[in-house]
Amino acid sequence: MTATSPRRRALKVSSIAVGLALALSAAPAMAAGLVISNWDGYMAPDAMASFKTATGVSGEVVVHATNEEIMGKLIAAGGKGYDVVFVSSPFAEVLNKLGLTEPMDHAKIPNLANLYPEATKLPHDVGNTFSVPYTWGTTGLCYRSDLVKAAPTSWSDLLAPSDELKGKTTMLATDRWLLAAGQLDKGFSVNETDPAKMAEVKDLLISAKKTLLAYDDTTFYSKLVSGEALMVQAWDGWCNYGIAEKPEIKYVIPKEGSDLWVDTMVVMKASEHKDDAFKFINFMLDAKNHAWAAQNIDYKVPNKPAMESLPADFLAKFPNMAMPVADLVKFEQLRDVGEAQRDYSKIVSEIKAAQ
């Protein structure tokens, strides 16, 4: 397995706040070829060269660190300067609501047939009308099986930890996932907006904060490897980074469930290379190309032949990669919550400021 640098994922800015906070962000200079914006290490290093060999189309990749970063640039420039952009599904929803996405021309993307049927019915975009899923997965608990007396089974094992775990747990810092742990523990929707229910979530997470080592979106698996942390809230693929270094690290989805996160590809309405953009998406959906993503970023992909091609020893090493699709899509997908995102951000600020 080739190691890649994990990319930071975030879902914490509303459609309006993105535009206001980052309105001065600029688009790249207009390029003669295709411009793809993606997270670092999220596709093969030679993908564009291979794409040119296969199609004759030239292109370049520009890197964004977070959803918020690229959203600011897209909104400020009306999408100009970009052709295909990788964003998490709630952000794809926002771009579509703002009229910045081009409808997917299915006739020009025959490899859509490689998608699992469930990947064509995702709630944020039933029928893949404006987005195509690239990776998907869950959020759960990643822990040191050799150092924890009892394997965790519930979100309460993180939010109200035993004495052995106090000061040795971390939670994700990004609004949506931090809140989701509390929402799920309470039996609420991961898109819950009711003020009374969200007040309960806030109180729970303020209590949990007192037991944490840290809020951590990027180095939590390293803390597990070193033993500084014993249990962390983690995206499944990022837990795999820890498992790759220390097999004693295990991943579990608590009994209350997980969110379903989805990263997508969208085509900009302002693109001057729409046909080539569809060719690129079709290229990425090729089973061999999509399998690269699964094996090298350790995330599940919604491509049936790609997943079926993964080696048995790889799946044995990372058991969460073998999760049946029918089980995965039972979880509630993170959605754009619109104006309620302001309330989410306020609640998270209050949680983090609490003593």
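Good morning. I begin with strand 7, residues 231-235, which is mostly covered, since 5 of its 5 residues are buried. Please bear in mind throughout that this is a predicted model.

How do the side chains of strand 7 divide? M231, Q233 and W235 point one way, while V232 and A234 point the other way, and all are buried.

Which strands pair with strand 7? Strand 4 pairs with strand 7 in the antiparallel sense, over 5 bridges. Within strand 7, Q233 is the bridge partner of L141. Strand 5, residues 169-171, also pairs with strand 7, here in the parallel sense and over 2 bridges. In that pairing, T169 stands opposite M231 of strand 7.

I turn now to helix 10, which spans residues 274-284. Its buried residues are A277, F278, F280, I281, N282, F283 and M284.

Against what do the buried residues of helix 10 pack? Among the strands, their partners are strand 1 (34-38), strand 3, strand 4 (132-144) and strand 9 (259-267). Among the helices, they pack against helix 2 (47-55) and helix 11 (287-297).

Two packed helices are described by the angle between their axes and the distance between the axes. For helix 2 and helix 10, the angle is about 110°, and the axes are 11 Å apart. An angle of 65 to 115 degrees counts as roughly perpendicular, and helix 2 and helix 10 are therefore roughly perpendicular to each other. Their crossing is right-handed.

Which residues meet in this contact? From helix 2 come A47, M48, S50, F51 and A54, and from helix 10 come D276, K279, F280 and F283. The residues of this contact divide into 6 nonpolar, 1 polar and 2 charged.

Finally, I come to Y82. Where does Y82 lie? Its place is in the loop between helix 3 (67-77) and strand 3 (84-88). Y82 counts as buried because its relative accessibility is 3%, and the cut-off for buried is under 20%. Y82 and P305 are 223 residues apart along the chain, and their C-alpha atoms are separated by 29 Å.

Thank you for your attention.

Terms used:
Residues numbered from 1 in each chain as written. Predicted model: local features only at pLDDT ≥ 70, side-chain atom pairs only at ≥ 80, totals over all residues. Heavy atoms only, no water. Helix = DSSP H or I, 4+ residues; strand = E, 2+ residues; numbered from the N terminus. Buried < 20%, exposed > 50% of the residue type's maximum accessible area, 1.4 Å probe, protein only. Contact = heavy atoms within 4.5 Å. Pairing = 2+ DSSP bridges. Axes fitted to C-alpha atoms, helices over the stretch in contact; angles between N-to-C directions. Parallel < 35°, antiparallel > 145°, perpendicular 65-115°, else oblique. Left-handed = near helix turned anticlockwise from the far one by under 90°. Nonpolar A, V, L, I, M, F, W, Y, C, P; charged D, E, K, R; others polar.
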